[in-house]
Amino acid sequence: ELVESGGGLVQAGVSLRLSCAASGPTFSSYAMGWFRQAPGKERMFVAAINWSGRSTYYADSVKGRFTISRDNAKNTGYLQMNSLKPEDTAVYYCAVRFPDYSDNRDDYDTWGQGTQVTVSS
């Protein structure tokens, strides 16, 4: 099971850190991804990280502003979001897959329930 937290309503330009808490002993073996879905749009790739945390991949729209990380000892993944923009407004989901990460949502088989991020201008 995956549980996201850390979303909220913020003004443009500020930062938020999302967390993804995983239950079970195998989180450290799985790659993790963050996706987001704005109203009326498809769920889109944001960022991904491999099992060790040494390899990451970002969508162009967030590169340089967002940072994905993980703490396998805490069974938790993170998405640090800086310089937020109104277009970042969406429900953010974390997901895991084995063995390596992907930017395709259909490759992930376990998802959290999502956390809402709203950025006002």
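## Disulfide

The torsion about the S-S bond of Cys20 and Cys94 is about 70 degrees, so the disulfide is right-handed. This pair connects distant parts of the chain, with Cys20 in strand β3 (residues 16–22) and Cys94 in strand β9 (residues 90–97), 74 residues apart, where strands (E, at least two residues) are DSSP runs numbered from the N terminus. The S to S distance between Cys20 and Cys94 is 2.0 Å, and the structure holds 1 disulfide, a disulfide being a pair of cysteine sulfur atoms within 2.5 Å.

Cys20 is buried at 0% relative accessibility, and Cys94 is likewise buried, with a relative accessible area of 0%; buried means under 20% relative accessible area, exposed over 50%, and partly exposed in between (1.4 Å probe, protein chains only).

## Basis of the model

This is a predicted model, in which local features need pLDDT of at least 70 and side-chain atom pairs count only at pLDDT 80 or more, while totals for chains, interfaces and linings use all residues. Residues are numbered from 1 along each chain as its sequence is written, and side-chain values use heavy atoms, with hydrogens and water left out.

## Two loop residues

Asn75 lies in the loop between β7 (66–71) and β8 (76–81) and is buried, its relative accessible area being 18%. Not counting residues up to four places away in sequence, Asn75 touches Cys20, Ala21, Ala22, Gly24 and Phe27, where contact means heavy atoms within 4.5 Å.

Glu42 is placed in the loop between β4 (31–37) and β5 (44–49) and counts as exposed, at 52% relative accessibility. With neighbours within four places in sequence left aside, Glu42 is in contact with Arg36, Gln37 and Arg105.

Definitions and conventions: Helices (H or I, at least four residues) and strands (E, at least two) are DSSP runs, numbered from the N terminus.
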